[in-house]
Amino acid sequence: MVHALLHGDLVAAWQLNAVMLVAGLPLLAWLWARWFRAARRREPVPPVSAKVGIPVVAVAVTWMVVRNLVPGT
């Protein structure tokens, strides 16, 4: 998916990993913004709360299982 995105092929990226495209990229942007804000203020980056971390891990694990066990996904 990353290779397809770097080459500007959104359709291929979607076909390769739609969940990561929809959920992963905004999460990555949010984590980067948190890091950038803390770095600008010269503060340590606060840890990600369990309210965010647990659902992210649950979605990632569920998608990994579904994608690899269910044919055609």
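What follows is a working chat about a predicted model.

Biologist: What are the ground rules for this model, and how are residues numbered?
Modeller: Residues are numbered from 1 along each chain as its sequence is written, and side-chain values use heavy atoms, with hydrogens and water left out. The model is predicted: local features need pLDDT of at least 70, side-chain atom pairs count only at pLDDT 80 or more, and totals for chains, interfaces and linings use all residues.

Biologist: Start with α3. Where does it bend?
Modeller: At Gly24, by about 35°. Pro26, a proline, follows within four residues. The bend is the angle between axes fitted to the seven residues ending at a position and the seven starting there. Helices are DSSP runs (H or I, at least four residues), numbered from the N terminus.

Biologist: What about the span of α3?
Modeller: Its 24 residues should span 34 Å at 1.5 Å a residue, and the end C-alpha atoms are 35 Å apart, which agrees. The expected span is 1.5 Å times one less than the number of residues.

Biologist: Which residues of α3 are buried?
Modeller: Ala18, Leu21, Gly24, Arg34 and Ala38. Buried means under 20% relative accessible area, exposed over 50%, partly exposed in between (1.4 Å probe, protein chains only).

Biologist: And what do they pack against?
Modeller: α1 (2-6) and α2 (10-16). Contact here means heavy atoms within 4.5 Å.

Biologist: Switching to the largest pocket. How much space lies in it?
Modeller: About 280 Å³. Of its 14 lining residues, the closest to the centre are Val19, Met20, Ala23, Gly24 and Ala60. On a 1 Å grid over the protein atoms alone, a pocket is an open set of points where a 1.4 Å probe fits, with protein on both sides within 12 Å along at least five of seven lines; lining residues have an atom within 4 Å of a point. Points are joined across faces, edges and corners, and the volume is the space filled by probe spheres set on them.

Biologist: Which helix gives the most to that lining?
Modeller: α3, with seven residues. Both α3 (18-41) and α4 (50-69) supply at least two.

Biologist: How do the lining residues divide?
Modeller: 11 nonpolar, two polar and one charged. Ala, Val, Leu, Ile, Met, Phe, Trp, Tyr, Cys and Pro count as nonpolar, Asp, Glu, Lys and Arg as charged, the others, Gly among them, as polar.
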